[in-house]
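Please examine the structure shown here and read the report that follows.

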Amino acid sequence: MSALLDVLSWALLIAGGAFCVIGALGLVRLRRFYARTHAASVIDSAGAGLILAGLLLQAGWTLVAVKLLVIGLLIFFASPTATHALANAALARGLKLEAHEEAPSKR
Amino acid sequence: MFAAAALALLVALVLALVRAVAGPTVFDRALAANAIGTLAMMMLAVFGFLTGRPEFLDLAILYGLLNIVGTIAVLKFFRYGDLGDPGEPEAKR
């Protein structure tokens, strides 16, 4: 049972780390600001969620698990709010929303 | 296994830092700062498990609270140009 939990939490941690790297890669590689917000959301939801789940399996039923849940709840509510406020502020300040980018040969 | 997760988080932190330095607009930098905050929280949590001292989770909670307040404050400043502004009514947007 304990070995099973170890393997499961290992997989969750690796997946979470992979999603964090993918999100950060998207943060660097995507061209438009509004596209980058999606990449940042991958870090906040998938990456952080999976890593916290992996740590939760390691913690067991202790106070540490409660703290991990508090962190998860904080990210769950605060990070979409921050992303929404960010996109809203960018839109309000007149950052352009364009469907088509300049020719892709620029990259 | 915690070391692998910590390594992945470090790579992600460096990439987010690249965007924060290179970002053409202030919103790109704010977005990258927000992502760095989330990644730093994860890093603190994983590091606490890595060294066998889960007390680091308290620091992660504190960092998360500061992160959300900082992001909202910066965004409010760049949207209204003033931290004390009550905000515009919805219809005027």
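## Architecture of the two chains

Along its sequence, chain A runs in the pattern α-α-α, and its secondary structure amounts to 3 helices and 0 strands. Chain B likewise contains 3 helices and 0 strands and follows the pattern α-α-α. Here helices (H or I, at least four residues) and strands (E, at least two) are DSSP runs, numbered from the N terminus. This is a predicted model, in which local features need pLDDT of at least 70, side-chain atom pairs count only at pLDDT 80 or more, and totals for chains, interfaces and linings use all residues. Residues are numbered from 1 along each chain as its sequence is written, while chains are lettered from A and ligands numbered from 1 in the order in which they are written.

Of the 107 residues of chain A, 36% are buried; in chain B, buried residues account for 38% of 93. A residue is called buried if 20 or more other C-beta atoms lie within 10 Å of its own, exposed if 12 or fewer, and partly exposed in between, with C-beta atoms placed from the backbone. Two residues are in contact if their C-beta atoms, placed from the backbone, lie within 7 Å. Among contacts in chain A between residues at least 6 apart in sequence, 60% link residues at least 24 apart. The corresponding share in chain B is 41%.

## Confidence of the prediction

The model has an ipTM of 0.84 and a pTM of 0.84. Chain B has a mean pLDDT of 84, with 87% of its residues at 70 or more; pLDDT is the predictor's confidence in each residue, from 0 to 100.

## The contact between the chains

How many residues does each chain bring to the contact? Chain A provides 40 residues and chain B provides 39 residues. On the side of chain A that touches chain B, α1 (2-29), α2 (33-59) and α3 (63-92) of chain A each supply at least two residues. The most come from α3(A), which gives 15 residues. By class, this side of chain A has 30 nonpolar, 6 polar and 4 charged residues. In this classification, Ala, Val, Leu, Ile, Met, Phe, Trp, Tyr, Cys and Pro count as nonpolar, Asp, Glu, Lys and Arg as charged, and the others, Gly among them, as polar.

## Helix α3(A) against helix α2(B)

Two packed helices are described by the angle between their axes and the distance between the axes. The axes of α3(A) and helix α2 (residues 26-50) of chain B come within 10 Å and cross at roughly 175 degrees. Axes are lines fitted to C-alpha atoms, for helices over the stretch in contact, and angles run from 0 to 180 degrees between N-to-C directions. The helices α3(A) and α2(B) are therefore roughly antiparallel to each other; angles under 35 degrees count as roughly parallel, over 145 as roughly antiparallel, 65 to 115 as roughly perpendicular and the rest as oblique. In this pairing, residues of α3(A) including L68(A), I71(A) and I75(A) meet residues of α2(B) including F27(B), A30(B) and L31(B). The contact of α3(A) with α2(B) has 12 nonpolar, 3 polar and no charged residues.

The helix α3(A) has 30 residues and reaches 43 Å from its first C-alpha to its last, close to the expected 44 Å. The expected span of a helix is 1.5 Å times one less than its number of residues. Among the buried residues of α3(A) are K67(A), A78(A) and T83(A). The buried residues of α3(A) pack against α2 of chain A and also against α2 and α3 of chain B. After α3(A) comes G94(A), whose phi is positive, near 90 degrees.

With 25 residues, α2(B) reaches 35 Å from its first C-alpha to its last, close to the 36 Å expected. Because 19 of its 25 residues are buried, α2(B) is largely enclosed by the rest of the structure. One residue in helix α2 of chain B is A32(B), which counts as buried because it has 24 C-beta neighbours inside 10 Å. Leaving aside neighbours within four places in sequence, A32(B) is in contact with L27(A), A16(B), R19(B), A20(B) and G23(B). The C-alpha atoms of A32(B) and L17(B) are 6.9 Å apart, although the two are 15 residues apart in sequence.

T51(B) and L65(B) are 14 residues apart along the chain, and their C-alpha atoms are separated by 24 Å. The helix α2(B) is followed by G52(B), which has a positive phi, near 70 degrees.
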